[in-house]
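Subject: Handover of a structure and the findings on it

Dear colleague,

Please find below the structure that I am handing over to you. My notes on it follow directly after.

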Amino acid sequence: MNDEDYMRRALKLSLKGNPSPNPYVGAVLVKDGRITSEGYHRRAGMAHAEIEALKGKDAKGSTLYTTLEPCSHWGRTPPCTNAIIAAGVREVVYAVEDPTEKVKGKEELRAAGIKVRSGILRRECEKANEVFMKHSKTGVPFVVLKAAMTLDGQIATKTGQSRWMTGKAARKEVHRMRSKYDAVLVGANTVLKDDPRLTARIKGGRDPLRVILDGRLRIPLDAKVLKGRNVLIATTETAGRTKIKALEKKAEVLVCGKKRVDLEKLLRELGRRGITSVLVEGGAAVNYSFAKEGLVDKFVFFIAPKLLLGENTPAMRGPGLRKMAEATRLRIETIGKIGEDVKVEAYPKTD
């Protein structure tokens with residue numbers, strides 16, 4: 001095995017965790033050409049990957065492979081550099097430098113006489129931590145727009161019916177996504193039509209913050225999404241004080257705009273609160289607004305082998321374009337089957 005093999009193993013391990021708002025990190029300890037131990041960061045507040053890999057092992061003279069530069073500061077847990085130095089590790093190889101200014105792990109390791117190398121599988125490891133990277137650098141959450149649609153681009157019938165657009169495998173994947181991201185966001189129309197819970201109904205799943213865009217506070221007080229207090233309703237100055245007070249008994253109400261919810265302001269506020277990622281689940285008007293304003297970092301489309309035909313509900317509804325040159329261009333990252341459906345992941349094309 002070589003550097004890339006060991007780092008690829010560390011990367012695979014990292015994705016087993018659910019550590020938000022912390023990054024995904026995996027670590028592999030290698031001695032005399034073989035892996036002697038490994039670990040990953042399971043959840044925020046639990047031991048970091050490097051500590052897991054070092055735990056109870058004779059690491060003297062070993063090489064430690066880790067997907068992210070080891071931390072050298074106190075947070076919820078002690079600095080990883082202290083443990084690495086104390087364990088007698090000979091060399092540390094990491095993929096990506098930590099973007100936070102307080103992390104100076106490589107300097108501390110080198111000062112202790114430990115050889116440090118970086119850049120192995122950098123691109124792959126940066127992509128795995130795309131959420132952490134954006135939030136660390138900008139303070140704004142990473143935004144993923146997810147839509148389930150037919151092959152002709154419809155997300156619901158003309159009467160608003162959307163269950164069940166996709167199959168069981170795709171729906172299970174959506175619950176996994178909700179568990180992965182810090183917040184899930186929908187508009188008031190989705191609540192009124194579907195009455196969703198917006199929870200992560202998978203074993204060991206973590207329910208996200210539920211964010212509802214409701215400029216006029218139209219959602220009913222008995223909506224399923226309001227069961228459990230992990231809910232934020234973003235509204236406007238036009239909302240009635242009586243309805244605000246009633247909803248505040250069940251959720252937090254945030255006034256965020258005059259006549260329409262200011263999406264950029266809302267995202268900045270969520271980022272300030274430590275929300276590192278937002279999964280936008282529509283409907284059509286909300287999807288359009290996020291895409292049109294250039295606020296989406298990643299698109300995930302689940303495409304069902306169905307045709308609704310005619311004028312139904314498109315994935316994005318808003319004023320159309322006159323010229324093809326005005327279209328938003330995407331770079332398709334992956335295309336794959338998921339059950340009977342197709343999953344497409346794409347990023348906005350910047351060049």
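Helices (H or I, at least four residues) and strands (E, at least two) are DSSP runs, numbered from the N terminus. The model is a predicted one, in which local features need pLDDT of at least 70 and side-chain atom pairs count only at pLDDT 80 or more, while totals for chains, interfaces and linings use all residues. Residues are numbered from 1 along each chain as its sequence is written, and side-chain values use heavy atoms, with hydrogens and water left out.

In general, most residues other than glycine have a negative phi, and most peptide bonds are trans. The bond from serine 20 to proline 21 is cis, with omega near 10°; proline 21 sits in the loop between α1 (3–14) and β1 (26–31). Glycine 282 and glycine 283 are also joined by a cis peptide bond, with omega about 5°, and glycine 283 belongs to the loop between β12 and α11 (284–292).

Aspartate 195 is not a glycine, yet its phi is positive, at about 50°. Its place is the loop between α8 and β9 (209–213), and its relative accessibility of 25% makes it partly exposed (buried means under 20% relative accessible area, exposed over 50%, partly exposed in between, with a 1.4 Å probe and protein chains only). Leucine 217 likewise has a positive phi, near 50°, but this residue is buried, because its relative accessible area is 4%.

Is threonine 190 buried or exposed? It is buried, because its relative accessible area is 14%. Leaving aside residues up to four places away in sequence, threonine 190 touches Asp195, Pro196, Gly282 and Gly283 (contact means heavy atoms within 4.5 Å).

The next subject is strand β13 (residues 298–304), where seven of seven residues are buried. Lys298, Val300, Phe302 and Ala304 point one way from β13, and Phe299, Phe301 and Ile303 point the other way. Strand β6 (residues 142–150) runs parallel to β13, joined by seven bridges (two strands pair if DSSP finds at least two bridges between them). Within this pairing, alanine 147 has phenylalanine 301 as its bridge partner. With strand β16 (residues 341–348), β13 pairs in the antiparallel sense over five bridges, and there isoleucine 303 is partnered by valine 342.

Finally, β6, β13 and β16 are among the elements that cover the buried residues of helix α7. Those buried residues include Ala170, Val174 and Met177.

Yours sincerely
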